[in-house]
Amino acid sequence: MKIQAINGFKDILPDSIGQWQYIEQTARDVFERFGMQEIRMPILEKTELFVRSIGAATDVVEKEMYTFGDKGITMRPEATASIMRAFIEHGLHVQQPVHRLYTIGPMFRHERPQKGRLRQFHQLDAEVIGAVEPRVDAELIAMGHMLLDELGLQVRLELNSLGCPVCRPPFKAQLIAFLEQKNEGLCDDCKRRTHTNPLRVLDCKKPACRVLVQEAPSLLDSLCPECDLHFGEVREALENLGIPFQINRFMVRGLDYYTRTTFEFLTTDLGAQAAVGAGGRYDGLIEQLGGPAISGIGFAMGLERIALLMEQQDANKLPASTMDVFLVALGGNTLAPCSQLAHALRKQGAKVAIDYSSRSLKAQLKQASRVNARYALIVGEDEWARGEGILRNMKTQEQQSFALTGSSDEQGLRLIEALNIAIQ
Ligand code: ATP
Ligand code: MG
């Protein structure tokens, strides 16, 4: 019996690793241009962390968490809560007023697996902690936009404000009254949500609920003056940076901690999975977790969805990975000097493939093409006896003899010079 990976858990095979590394590298590069520093947290956290931050009545906490050990420990379903926990635990706010942190890693949610929706998936997560200014919101959104743009992706940016503890409760009451009136037409989930999490009804995907909420009151009409001003300034700052966006007054976000600005990067190219990334401001979260009363804003993007979208939209092509040289050792007494030469070349920074099986020249050259070697150095017993090998340009198939005299280090240096291999 073959053992297979668990449903919803996926291997990332060597064929696609180039793309993953490219996405991660582009993210690090863009994030660091914005002064972001990397942080890495454990994958396991106390369950209470997520209950207290994400919220007990959310889909993530109610249905999607991998919790074990008498419910005390949970595999992180997202990164923000963990970053805040680490931030508070290590008193980072004492060192400097504003922190810009990012992390890249796996998250776990027990959802129904489908294209672009896994149980172990990966997020790029960025947070700015300790800044309240609307320009910070705009800058963070612009950073997400820049990343997707540099990956060659076309997405739509939607924006909303979820208000604050001053204006949200009265709006909630107004919304509940509206939903109670329309109760008959709501789906079963939303009937329940009317009292547990009424805002969530606004972004229910069921067609009947969507029609119904068109007439629902809008939080944007009930924002308190401070939230209204903040939202106006975020929009203005985004316009100022030339970032196109649309207002979506039905956007709620699935996590309870959001306040004021929320946003999503969306696509229609991934079927049912519309969001490539999403985020928002969480002004009360840090205090709620026992930290100082400072605010934050962040976003998370799904790596799997970015990778799928790059294929779908035929975005930036990655250069295929190549080897600088493939050493073709033909015959018993060529193996030792070839392995020494390979070692010397690798020390000197070249990417070298070598086959120790003494297979035929034809088989080894085939393998050299398969690994995209730029050159092959063919060393047969006769050549080696004469102190030389045959250097073959794999693209043009031109061949010339190459002197294999002196130490392996000297041979390596001469070969690198001949091949003009750039060494970092
Ligand atoms: P969705 O509405 O698709 O369930 P979400 O609102 O639950 O997304 P967030 O918690 O905001 O997602 O996470 C941010 C991003 O992480 C999403 O935009 C998506 O790209 C990615 N993501 C979330 N859940 C999954 C998953 N199960 N599989 C793959 N990617 C995911
Ligand atoms: Mg979800």
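Tutor: Let us begin with a pairing in this predicted model: threonine 262 has glycine 280 in β10 as its bridge partner.

Student: Which residue stands opposite threonine 262 in β9?

Tutor: That residue is asparagine 160.

Student: How do β7 and β10 run relative to β9?

Tutor: Strand β7 (residues 156-161) is joined to β9 by six bridges, and the two run antiparallel. Six bridges also link β9 with strand β10 (residues 275-281), again in antiparallel fashion. As a general idea, side chains in a regular strand alternate between the two faces of the sheet. As for burial, eight of the eight residues of strand β9 (residues 259-266) are buried.

Student: Which residues have the most contacts inside the largest nonpolar core?

Tutor: They are Phe31, Leu124 and Ile306, in a core of 95 residues. Helix α6 (residues 134-150) supplies the largest share of this core, with eight residues. A second, separate core contains 20 residues, among them Val325, Ala342, Val379 and Ile416.

Student: What does leucine 124 contact beyond its neighbours within four places in sequence?

Tutor: Its contacts include Ile23, Ala27, Phe31, Leu147, Phe299 and Ile306.

Student: Is serine 321 buried or exposed?

Tutor: Exposure is judged by relative accessible area, and the cut-off is over 50%. Serine 321 is exposed because its value is 58%. Serine 321 lies in the loop between α13 (303-312) and β12 (323-330). Not counting residues up to four places away in sequence, serine 321 touches Val371 and Asn372.

Notes:
Residues are numbered from 1 along each chain as its sequence is written. Chains are lettered from A and ligands numbered from 1 in the order in which they are written. This is a predicted model: local features need pLDDT of at least 70, side-chain atom pairs count only at pLDDT 80 or more; totals for chains, interfaces and linings use all residues. Side-chain values use heavy atoms; hydrogens and water are left out. A nonpolar core is a set of buried Ala, Val, Leu, Ile, Met, Phe, Trp, Tyr and Cys residues joined through side-chain atoms within 4.5 Å. Buried means under 20% relative accessible area, exposed over 50%, partly exposed in between (1.4 Å probe, protein chains only). Helices (H or I, at least four residues) and strands (E, at least two) are DSSP runs, numbered from the N terminus. Contact means heavy atoms within 4.5 Å. Two strands pair if DSSP finds at least two bridges between them.
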